[in-house]
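Subject: Structure for your review

Dear colleague,

Please find below the structure that I am handing over to you. A summary of the findings follows it.

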Amino acid sequence: MSDETPVSAAADPAAAISVRALWKVFGPSADKVVGTPLADLTRKELLNETGCVAAVRDVSFDVAPGEVFVVMGLSGSGKSTLVRCLTRLIEPTAGSVLVSGEDILKASPSRLRELRRTQFSMVFQHFGLLPHRRVIDNIAYSLEINGVKKEARHARANEVIELVGLHGYGNSYPEQLSGGMQQRVGLARALAVDPKVMFLDEPFSALDPLIRRDMQAEVMRLHRDLGKTMVFITHDLAEAMKVGDRIAIMRDGAVVQMGTPEDLVANPADDYVADFTRDIPKSHVLCLHAIARPLADGEDLDGPELDGGMVIRDATPTILEARRAVKVVQNGQFLGVVTPDDVLRLISGDVDAVTAQEAETGP
Amino acid sequence: MTRVRELLRHKWILVLLLVVVWIVLATVLKGVHTLELPTAKNTPVTQWLTDFASSIRGNRTESPAFVYFFNPIRATIAAFIEAIRSVISVPGAGNVIPLIGWLGTLSIIGYIVYVTSNLRTSLLSMGLLLACGVLGMWTFTMDTLAMTMGAVFLSLAIGLPLGIWAGLNDKVMKVFRPGLDLAQILPTLVYLAPLALVFLIGIAAATIATLIYSIPICIRITAHAVRSLRAGPVEAAVSMGSTKMQLLRKVQLPMAKQTIILGVNQTTLAALSFVVIAALIGAPGLGKPVVDALVIRNVGDGVVAGLAVVFLAVMLDRATTAAVIKNNTFVRDTGKARTKRRIGLIVGGVLTIVAVVLSRQVLWAAVFPEQLNFGKQIASVADAVATWFTTTFYFFTTTFNEYFTVTFLNPLEGVLANSPWYVTVIMIALLAAIIGGRGVAILSLVLLTIVVLIGLWNDTMISLAQILLATLLTMIIGIVLGVMAGRSERVEKALKPFLDAGQTLPAFVYLVPVLALFGPTRFAAIVCGVFYAAPVVVRMVADGVRGGPPEMVEAATSAGSTPVQVITKVQLPASKKSLLLGANQGLIFVLAVIVIGGFVGAGGLGYLVIVGQSKPELAGKGLAAGLAIVLLGIVLDRITQASARRSGNPGG
Ligand SMILES: Nc1ncnc2c1ncn2[C@@H]1O[C@H](COP(=O)(O)OP(=O)(O)O)[C@@H](O)[C@H]1O
Ligand SMILES: [Mg+2]
């Protein structure tokens, strides 16, 4: 149940990204850990015994084309290392990474550069803009090193500038822009080459909460319009839930749970995950099917009908207005009913009630 | 924590005990085995070195190493510098003026400064150059400028690529590091004799010595500039698929530019200060009148030449610093400001061309006008002021001088130099062991034994006594002023011009006023050392005090501490490491000047270096003295470095 998306043993060549048994060990004898009994030690034991840090341990996952895959975890859990291993900004210690079926770890330096120039792009927590270049030349940088002529690359840069809402800032220097605007430049730069996959490493963590919300909306809009495959790193579960199709939760270098936002809230694999999800308003994540229950005595089936895949928050106005049991139907199948009381109970945090019902009905 | 404190107390008690034992031994064994040696006498080692030097001199025209290596280098470098001189300072054959007269040179320099920085700095630079002319030092100034520019050009041509390489590559840095570290502690004086021996006294030897002095500075700062770049933009550029070359050209170098220009500033000032002192091995320029004045103790002329050095140093510093400030932001001018600047550039360019043409056609624009030369008058005023000062402040210049010498310097010299050499060597090694650990102690023992074997033990100890006292004074002044500056912005502002000047002026120019005031004494050398070294110590202490966590001071103040308690119980202990590093820097700076003090009657190793320069039969002794200075410098540096390092992590 917790393992919503089981990972097959073999890499999936159809996936946009397919990662298998990926390890990154930092330290003096890094290559003497994987495949030995040392690999079974916890991170702390390993550090004490060998002085090595296992930043990423045995991570496997697939990202479907067009999916937004979120990696989330506390600081130090290995997220940045993981995402850098995917493009070999950090050289992995063991494992395999397939991008559109091609084994990245076997790519020659020049092939790797080519992939970075045309297929991948990355957005950084601290923006990583080139301070000595104007916005437009920052955005055009990857085209420039790819040999695109000045006129063509500026034309493309201007397109992307419009796309991310930077109109009129092309001639500014990064230090003249606010943090939010700088990250828009970071986004534009990542989009300029029209990459297949975007990697975003905590892109909004350095921004104020209000601006962060704008930027999250911006990324979701871009994703809707452009349909890029994204690997999105964050330490903020609310953000993960907002942008992610699927979320992998990391702890001490390993993935502890992977699934849709709803899975994680409804069925946290362990206390670590439950700790994260505790503060997430359930009504924002769970769908009606999670709280639908059998008709009770004295209730009528004459209320309106709602789809079981609807998020509870979105369904709430209808339910409140109906003032009686609402029918929940999914794929032509009757799942049960939901009343305003059920919604209130969920919102007030009566968790047991929900999980109890979840156990009874199932999705 | 308490255990560490106990241990520390322990350590200081040990040091105290050791010093007491030392003094007792030195008093009892006074005058025994001091290895004293008259200046004119050689030891076997110095005799051998003297013979070696004369054999090199004899070999210059025959030995292949000279014919195919050293002599061509000498000729090339000499030709290069002479070419620059022929443009601005030396008339060509059958001519009375150099290629460009003074007005042309002045305008060109003004224009260059305008282009690289701004109008204000450009006017200031021209004013300072004019002032050099008014002092009657135009041609000397141009010679120094030509030498400095040539040396800076070569230093950058060699130092920038090597610095970039060392910045990008850890292995290269590892290879360079020992050399760079050594270069930091070598006093200017020790470069002179060996280079003069190989390349003959003259322009080439002076330039090469300057290069050896300034290139490490250039490499160090450039490597640091590349190394300390923000990681973010570099990683981003890599993630977009940059090649190594693209990364360097489009990202790393542009971002490092600011710091690299700072390196140009430091390289320039280092080159200038060396070119001045290189007058001792035949460099043309302002160093020559300074040396002449020092030799015959002509205060007036010395002051005039020294002032010109100061003006030139300030000009070069301002011009290069303004370029740093101008490059402080990556944002470029737009619109109006750019148009204005373009007009300025065109007007300035035209004016400069006119001035250059004039300076080749009209006499007053070609040769600096005699009517504007007030050198003589300024010299006599300086003489008068110096006489007035020494008579009015007789107490300070003479009484205090004598008191200090009798009460502090002589006893210290007695302990170090006037006792058996083995007592001193062992005591220093024991002190090194307590302060810096076993490794440093062994190093000290070995290096000092080498000094004994060379035969210059007594002179080394005479220098050491002056160095230690000067460092002590420097530290007292440095801590008092540094704490004040660290605690108050007002004091810091008031001190800033002096600190800046201290870091800009060549050590050599301090000799002139100090010699005027205190005469040719050891005390004069000590005062010089203090003047030269205090600014850097003040700065380090102030930074250390300011760098301490402000909450600590706040907590202590709110707990009811008096300001003195805050300073002694919180701020100074918290900045202990920077104090010790300050002591290290102070020592190195003092060492550099004390040996130059051989000129003003301080005796010791510096005097031997200078004597060796002028008397061929003592050439070996001069070389050996240079070596002894190096060995002494390493010992002092290692001991203070180790103590600073140890205070860094009290646990280990
Ligand atoms: N270059 C490195 N050398 C050694 N340890 C590293 C290095 N980079 C990261 N680590 C360690 O790996 C772990 C994961 O780091 P990171 O991937 O940055 O975590 P996150 O991005 O989740 O905060 C941390 O314990 C960190 O100290
Ligand atoms: Mg991170």
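A polar contact, as the term is used here, is a pair of N or O atoms within 3.5 Å. Please note also that this is a predicted model.

The residues surrounding ligand 1 include A:Phe26, A:Arg43, A:Val53, A:Ala55 and A:Leu74, together with A:Ser75, A:Ser77, A:Gly78 and A:Thr81. By class, this shell consists of 4 nonpolar, 6 polar and 2 charged residues. Two elements of chain A, strand 2 (53–63) and helix 2 (79–86), each supply at least two residues of the shell. Which of the elements gives the most to the shell around ligand 1? Helix 2 of chain A does, with 3 residues.

I turn now to the interface between the chains. The size of an interface is often given as the accessible area lost when the parts come together. Chain A and chain B bury about 2,000 Å² between them, and 62% of this area is on carbon and sulfur atoms. The contact draws 21 residues from chain A and 21 residues from chain B.

Across this interface, 7 residue pairs are in polar contact, with both residues at pLDDT 80 or more. On the side of chain A that touches chain B, helix 3 (109–118) and helix 5 (141–145) of chain A each supply at least two residues. The largest share of that side, 4 residues, comes from helix 5 of chain A. The residues of that side divide into 9 nonpolar, 4 polar and 8 charged.

Finally, the salt bridges deserve a word. Between chain A and chain B there are 2 salt bridges. In one salt bridge, the side chains of B:Glu235 and A:Arg84 meet at 2.4 Å, N to O. Over all chains, the count comes to 36 salt bridges. B:Glu235 lies in helix 10 (residues 231–239) of chain B, while A:Arg84 lies in helix 2 of chain A, so this pair joins two chains.

Yours sincerely

Notes: Residues numbered from 1 in each chain as written. Chains lettered and ligands numbered in written order. Predicted model: local features only at pLDDT ≥ 70, side-chain atom pairs only at ≥ 80, totals over all residues. Heavy atoms only, no water. Contact = heavy atoms within 4.5 Å. Buried area = accessible area lost by both parts, 1.4 Å probe. Salt bridge = Lys/Arg side-chain N within 4 Å of Asp/Glu carboxyl O. Polar contact = N/O pair within 3.5 Å; in protein donor to acceptor, adjacent residues only side chain to side chain. Nonpolar A, V, L, I, M, F, W, Y, C, P; charged D, E, K, R; others polar. Near = heavy atom within 4 Å.
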